[in-house]
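Here is a friendly walk through one protein model, written for someone who likes to know the cut-offs. Have the viewer open as you read.

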Amino acid sequence: MLSKATEYALRATIYIAQKSSAEKKLGIAEIAKAIDSPQSFTAKILQQLTRDNALVSSVRGPNGGFYMTEKAKKLPVRQILDLMGEDHRFETCVLGLKKCSEVKPCPMHAEYKPIKQQLIHLFSIRTIESLAGELTSENAYISLGKR
């Protein structure tokens, strides 16, 4: 449903929210390893997430790296989708039809409509901080390779 880049962006953001601070910045290698993502792909994703320091902040240099401010951690998860250009995912037809509507619905329109609304609600009310907080649970994990 979401692109691989957005899945990695979600994982990276949650990991950075959990493990970083303005005093403790994380490097690309650590983030990529933690979220089980190729390092070069992670770098490209982090470029999008750090644009204008809207979500993830970065500092260059020997003591540099990536971190999140307390304000950014309180943003809804939907903000990640917006930055990755996938905010439209829940606005469009599940089958990808351009002319799907209430008047001319696709075969899945009626069943998918409440699910779509639930997903929009979920991504709008859950904060990055709340997901990062759940990673301390033994039942939650962020990397497919680390259970």
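H2 and H3 pack with their axes 9 Å apart and at an angle of about 110 degrees. The axes are lines fitted to C-alpha atoms, for helices over the stretch in contact, and angles run from 0 to 180 degrees between N-to-C directions. The two helices, H2 and H3, are therefore roughly perpendicular to each other, a label that covers 65 to 115 degrees. At this crossing, Ile28, Ala29, Ile31, Ala32 and Ile35 of H2 meet Gln39, Thr42, Ala43 and Leu46 of H3; contact means heavy atoms within 4.5 Å.

## How to read the model

This is a predicted model, in which local features need pLDDT of at least 70 and side-chain atom pairs count only at pLDDT 80 or more, while totals for chains, interfaces and linings use all residues. Residues are numbered from 1 along each chain as its sequence is written, and side-chain values use heavy atoms, with hydrogens and water left out.

## The overall fold

The protein chain has 7 helices and 2 strands, in the order α-α-α-β-β-α-α-α-α along the sequence. Helices (H or I, at least four residues) and strands (E, at least two) are DSSP runs, numbered from the N terminus. Taken along the principal axes, the C-alpha atoms fill a box of roughly 60 × 30 × 30 Å.

Of the 147 residues in the protein chain, 36% are buried; buried means under 20% relative accessible area and exposed over 50%, with partly exposed in between (1.4 Å probe, protein chains only).

What does Ile16 touch? Not counting residues up to four places away in sequence, Ile16 touches Leu26, Ile31, Leu46, Val56, Phe66, Tyr67 and Met68.

The buried residues of H6 are His109, Tyr112, Lys116, Leu119 and Phe123. They cover an arc of only 80 degrees around the axis, which puts them on the same side of H6; the arc is that of the directions from the helix axis to the C-beta atoms. H5 is included in what covers these buried residues of H6. On the other side of H6, Ala110, Glu111, Gln118 and Ile125 are exposed.

Notes. Parallel < 35°, antiparallel > 145°, perpendicular 65-115°, else oblique.
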